[in-house]
Amino acid sequence: MNLLSQRLSQTTNKGFTLIEVLIAIFIASIVLTVLYSSFFQIIKAKENIEEQLELYHEARVVMSKLTKDLVTAFPRGLVNSDTTNIAAPFFYATKEGGQSELSFTSLARTPTQGSRESDQTQISYFTEPIPDTDLYALIRRDNPTIENENGGTQYPISERIVALNLSYLFTSTEGDGAQEFTAEWNSNETLEIPSAVNVEIVMRTPRGEDLEFSTLVIIPVVN
């Protein structure tokens, strides 16, 4: 009888009391809560990084496209001449409502092999408001039928634009001939194209932050 009591006592001592079980559950719940919170913080951080990388990639594409077009700009109609018989400006830039608009003749086009086409085209960049937002779409237009407003094709290269600011470098005719930037340009008045274009683009991240990207594009035909 004493031996049986000892065995029952030993068996009972190996178990957990209710308090111990509750404490264990409480500690486990804390650990799981921390792990759960950390897991979703990691997932959110990963998503934020991917969104940032996507935005930076899009900004690089926009800047690369603008740069490639601008470095092939040329003063159409002014070859070996100080005057032009071209009615439309070969480099025309305006700014209205904080948004720049630019149109210029370029050698950026690659003609189809065997076709009777040249590499000349008219490149335009402008913004269009996106409905129900305060954002803009940056539109690129490629028009090989120069001076024909109904020709060419256009498409958006970004729909995250907050502001497009372009300024154009020129040499002042006053004083010591210092170089300055202007927000507008009309080649029918200047009979030239700017020596460089400063490009500033403000883009919005999915989290609502506005980031600015900028670059200075030197135009080789002038320099």
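## Terms and model

In what follows, Ala, Val, Leu, Ile, Met, Phe, Trp, Tyr, Cys and Pro count as nonpolar, Asp, Glu, Lys and Arg as charged, and the others, Gly among them, as polar. The model is a predicted one.

## The largest pocket

The volume of the largest pocket is about 280 Å³. Its lining consists of 15 residues, and Tyr92, Ser103, Gln122, Ser124 and Glu149 are the closest to the centre. Two or more lining residues come from each of strand E1 (91–96), strand E2 (99–106), strand E3 (121–129) and strand E4 (136–143). Sorted by class, the lining holds 6 nonpolar, 5 polar and 4 charged residues.

## Pairing of the strands

Strands E3 and E4 pair in the antiparallel sense over 8 bridges. Together E3 and E4 make a hairpin with 6 residues between them, and Asp132 in the turn has a positive phi of about 65 degrees.

E4 also pairs with strand E5 (residues 153–171), in the antiparallel sense and over 6 bridges. Here Arg141 has Gln154 in E5 as its bridge partner. Because 7 of the 8 residues of E4 are buried, E4 is largely enclosed by the rest of the structure.

## Glu128 in strand E3

Glu128 belongs to strand E3, and its bridge partner in E4 is Ala137. With a relative accessibility of 36%, Glu128 counts as partly exposed, since that class lies between 20% and 50%.

Apart from its neighbours within four places in sequence, Glu128 is in contact with Tyr136, Ala137, Ile139 and Gln154. Glu128 and Glu159 are 31 residues apart in sequence, with 9.3 Å from C-alpha to C-alpha.

Methods:
Residues numbered from 1 in each chain as written. Predicted model: local features only at pLDDT ≥ 70, side-chain atom pairs only at ≥ 80, totals over all residues. Heavy atoms only, no water. 1 Å grid on protein atoms, 1.4 Å probe; cavity = no way out; pocket = protein on both sides within 12 Å on 5 of 7 lines; lining within 4 Å. Points joined across faces, edges and corners; volume = space filled by probe spheres on them. Helix = DSSP H or I, 4+ residues; strand = E, 2+ residues; numbered from the N terminus. Buried < 20%, exposed > 50% of the residue type's maximum accessible area, 1.4 Å probe, protein only. Contact = heavy atoms within 4.5 Å. Pairing = 2+ DSSP bridges.
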